[in-house]
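Hi,

Here is the structure I promised to pass on. My notes follow below it.

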Amino acid sequence: KNIYIMNPVLNEQEQIGLFLKRLDGVITVNQRKVDLLKKKKSAYLQKLFPKTGSNIPELRFKGYTDAWEKRKAIELFKPVSDKGHPELPVLSVTQDNGVIFRNEVGIDIKYDESTLSNYKVVHPFDFVISLRSFQGGFELSDKLGITSPAYTIFTPNYSENHSNFYWATFFKTFKFIESLKMVTFGIRDGKSISFKEFGDLKLNYPNSEIEQFRIGNFFNNLNKLITVNQRKVDLLKKKKKALLQQMFI
């Protein structure tokens, strides 16, 4: 009660309040759109992949009826470890943003440049098992660079038979993340699942590379739509914060 509060005349108060209320409404509408897209993605992830004990998904693209295959990861993928390229940019692997350049992380991460020749090369369409792999941190790279030897990098044994977009989606399904519990005993931040541990897991996939691609591309486009709308929400919130500072003394 002892605080002095500055306020404009009633008419200006009403205009400021109405303006900010409308801005809140725009933010709410766009946030609901993001939430709805995420719910749709979650529903499609359950319907476009077979449930436990089944080899046929509930929902499929037209023209595909064959039962899905199930094979051990070691039969489908191979680890890669190409080193000796310290001139390439350093990458970081995150669950929120995937594979990004280290200077975009937003924090100053120190590393010894003399050790860069021991870093592993990551090519576009390589998979990287992150240090939070026990939570589903299997990321598809879209960049060329090098990353810490602590990370495991792998690719399909026969790339012409597999769509990496499909596998990038599969590695984010609830079913796959639950299967990681079989090989993640004692694993915490700072340690990742080894390729040998991953290799023992049995994975479902359609025989047709085209069906794989259509599934992966569908979710890739849905992810882009979610990202675009989430950025819009974030931008609106930043604008509101700036206006709150500029419109009040």
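**A nonpolar patch, and the helix behind it**

Phe19, Leu244, Met247 and Phe248 form a nonpolar patch on the surface, with about 350 Å² of accessible area together. A patch here joins nonpolar side chains (Val, Leu, Ile, Met, Phe, Trp, Tyr) within 5 Å, from residues with over 30% relative accessible area and no salt bridge (a side-chain nitrogen of Lys or Arg within 4 Å of a carboxyl oxygen of Asp or Glu). Areas come from the Shrake-Rupley method with a 1.4 Å probe, and for residues only the protein chains shown count as cover.

Please keep in mind that this is a predicted model: local features need pLDDT of at least 70 and side-chain atom pairs pLDDT 80 or more, while totals for chains, interfaces and linings use all residues. Residues are numbered from 1 along each chain as its sequence is written, and side-chain values use heavy atoms, without hydrogens and water.

Phe19 lies in helix α1 (helices are DSSP runs of H or I, at least four residues, numbered from the N terminus). Phe19 counts as partly exposed because its relative accessibility is 39%; buried means under 20%, exposed over 50%, and partly exposed in between.

Other positions of α1 are buried, among them Ile16, Leu20, Leu23 and Ile27. The buried residues of α1 pack against α3 (164-170) and α6 (209-246), with contact meaning heavy atoms within 4.5 Å.

As for the whole protein chain, 37% of its 249 residues count as buried. Its C-alpha trace spans about 75 × 55 × 35 Å along the principal axes.

Best wishes

Notes. Buried means under 20% relative accessible area, exposed over 50%, partly exposed in between (1.4 Å probe, protein chains only). Helices (H or I, at least four residues) and strands (E, at least two) are DSSP runs, numbered from the N terminus. Patches are made of residues with over 30% relative accessible area and no salt bridge: like charges are joined within 9 Å, nonpolar side chains (Val, Leu, Ile, Met, Phe, Trp, Tyr) within 5 Å.
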